[in-house]
Amino acid sequence: MDVRLSQSRVRGRTRAPPSKSYTHRAILAAGYSDAAVVRDALVSADTKATMRAVRAFGGTVERDGQTVDVEGFDGRPETPDNVIDCANSGTTMRLVTACAGLGENLTVLTGDDSLRSRPQGPLLDAVFDLDGRAESTRRNGQAPLVVGDEMVGGTVEIPGDVSSQYITALLMAGAVTDEGIDVELTTELKSAPYVDITLEVLDDFGIEATQTDDGFSVAGGQSYRPAGGEYSVPGDFSSISYLLAAGAVAGADDEPVVVEGARPSAQGDKAIVDIVRDMGADVEWDQDAGELVVSVADLSGTTVDVGDTPDLLPTIAALGAIADGDTVIENCEHVRYKETDRVTAMAEELAKMGANVTEQQDRLTIHGGDTDLVGAEVDGRGDHRIVMSLTVAALVADGETTISGAEHVDVSFPNFFETMRDLGVDVTED
Ligand SMILES: O=C(O)C1=C[C@@H](OP(=O)(O)O)[C@@H](O)[C@H](O)C1
Ligand SMILES: C=C(OP(=O)(O)O)C(=O)O
């Protein structure tokens with residue numbers, strides 16, 4: 001699907017979708033449990049992939065709106081009848097790989113073209129080191145994967161600079177092994193707040209896991225059990241980033257954009273509030289009410305280290321293309337291992353809209369203010385975050401912008417364009 005967007009002003013009240021990261025963890029944690037209800041869940045293409053995996057391991061997953069009722073496999077995943085299709089979801093593939101490692105027999109995991117090109121090698125090595133079987137069918141460290149043979153607990157080394165999801169996966173599975181798992185990091189941890197989210201969800205499901213001097217540790221023999229049998233998912237700050245950015249660059253003069261569902265949590269991406277403020281926007285955050293109010297402003301460039309917040313890179317790049325002066329995004333090499341290489345994708349697509357961008361391996365500099373953005377035909381690269389960030393740029397571009405592959409917003413923010421239309425954006429779906 002293509003979307004066509006014209007220069008627009010946004011105004012009014014909207015609501016953030018539930019967090020994708022929390023939903024994945026809560027659904028899988030419920031799968032590891034005897035039974036649990038997940039409330040306010042994100043129902044999207046990616047989280048449906050995790051629901052499919054829980055079913056494949058012998059759980060039942062019933063959905064009524066945003067309430068997901070799970071009867072789990074109680075720490076003992078059954079052998080799936082068929083391959084598990086993780087679709088476009090890296091989180092599903094990593095978290096499910098470690099779970100599959102616990103199985104008596106073998107599980108086959110696959111995904112779409114993008115997911116089958118993302119790195120899984122360090123996690124496969126870890127499962128192997130813990131006495132499981134974990135192989136890439138093409139022996140290139142990428143899916144399709146074959147995993148199983150009753151991984152046991154122990155100590156395992158893993159790099160921290162490829163994906164934090166490997167650590168999340170091992171902690172979640174380690175809790176139901178006999179001995180537990182100690183993860184020792186061999187390189188600096190990137191995307192660290194995502195492991196904090198994991199520790200928070202594990203704690204809410206009654207699982208003890210801790211940060212250690214050289215990594216993380218989870219004791220074995222534990223049972224997943226959320227207090228009262230229920231868990232509620234908070235709002236998603238990566239999704240909020242597009243709403244805040246839209247309000248800051250294209251808000252109506254007489255009425256701000258108000259975002260509900262913005263309660264604080266362990267999400268590193270709440271940093272977007274301070275980033276947009278640093279660039280000059282007026283953002284008020286009532287944390288008790290979970291409400292953000294953003295008013296339009298002339299933005300200026302900033303410097304941001306995205307080591308902890310890789311998913312914000314596309315949003316910051318779009319903001320940088322609109323702001324005056326240079327916006328420097330540092331420490332971003334790991335953002336190249338996502339649904340697409342998002343560093344190159346944003347550099348090339350913003351350039352089509354007239355932005356002046358310098359790309360380096362670990363840094364992206366957007367020289368804002370040199371020229372005004374112009375409408376163009378841009379490629380969403382099959383990546384939800386590229387589509388949503390280019391939408392932000394299109395709100396101020398002179399002339400019409402067409403974004404291809406816009407349906408991919410379904411991965412994390414299924415009603416994104418409806419939300420944009422409700423805020424006043426002129427958008428047509430072809
Ligand atoms: O654990 C998670 O929920 C996620 C971790 C991050 O990935 P990496 O740890 O691979 O950087 C992030 O980019 C992804 O969108 C979600
Ligand atoms: C990278 C992302 O997710 P995943 O790793 O789950 O595919 C994302 O949502 O930006």
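Predicted model: local features only at pLDDT ≥ 70, side-chain atom pairs only at ≥ 80, totals over all residues.
Residues are counted from 1 along each chain as its sequence is written, and chains are lettered from A and ligands numbered from 1 in the order in which they are written.

H2 itself covers residues 45-56. Its 12 residues reach 17 Å from first C-alpha to last, close to the 16 Å expected at 1.5 Å a residue (that expected span is 1.5 Å times one less than the number of residues).

Which residues of H2 are buried? They are Asp46, Thr47, Ala49, Thr50, Met51, Ala53, Val54 and Ala56. Buried here means 20 or more other C-beta atoms within 10 Å of a residue's own, exposed means 12 or fewer, and partly exposed is in between, with C-beta atoms placed from the backbone.

The cover over those buried residues includes helices H1 (20-32) and H3 (90-101), plus strands S4 (60-64), S5 (67-71) and S6 (84-85).

## Two domains

The protein splits into domain 1 (3-17 + 235-429) and domain 2 (20-232), with bounds from an automatic or database domain assignment. Their C-alpha centres are 30 Å apart. Where they touch, domain 1 puts in 17 residues and domain 2 puts in 19; contact means C-beta atoms, placed from the backbone, within 7 Å.

On the domain 1 side, the touching residues come to six nonpolar, seven polar and four charged. For these classes, Ala, Val, Leu, Ile, Met, Phe, Trp, Tyr, Cys and Pro are nonpolar, Asp, Glu, Lys and Arg are charged, and the others, Gly among them, are polar.

## Around the ligands

Ligand 2 has Lys20, Asp46, Ser89, Gly90, Thr91, Asp311, Lys338, Glu339, Arg385 and Ser412 around it (C-beta atom, placed from the backbone, within 6 Å). That shell has no nonpolar, four polar and six charged residues. Because both domain 1 and domain 2 give residues to the shell, ligand 2 lies between them.

Around ligand 1, the residues include Ser21, Thr91, Gln165, Tyr194, Asp311 and His334.

A nonpolar core is a set of buried Ala, Val, Leu, Ile, Met, Phe, Trp, Tyr and Cys residues joined through C-beta atoms within 7 Å. The largest one has 75 residues, and Leu244, Ala246, Val276 and Ala393 touch the most other members. H7 gives the largest share of this core, 10 residues. Apart from it sits another core of 68 residues, including Val61 and Leu95.

Phe237 lies in H7 (residues 237-250). Phe237 counts as buried because it has 28 C-beta neighbours inside 10 Å. Phe237 and Lys270 are 33 residues apart in sequence, yet their C-alpha atoms are 5.4 Å apart in space.

## A loop glycine

Where is Gly290? Gly290 is in the loop between strand S16 (282-286) and strand S17 (291-295). With 17 other C-beta atoms within 10 Å, Gly290 is partly exposed. Leaving aside neighbours within four places in sequence, Gly290 is in contact with Gly235, Glu260, Gly261, Ala262 and Arg263.

Methods: Helix = DSSP H or I, 4+ residues; strand = E, 2+ residues; numbered from the N terminus. Contact = placed C-beta atoms within 7 Å.
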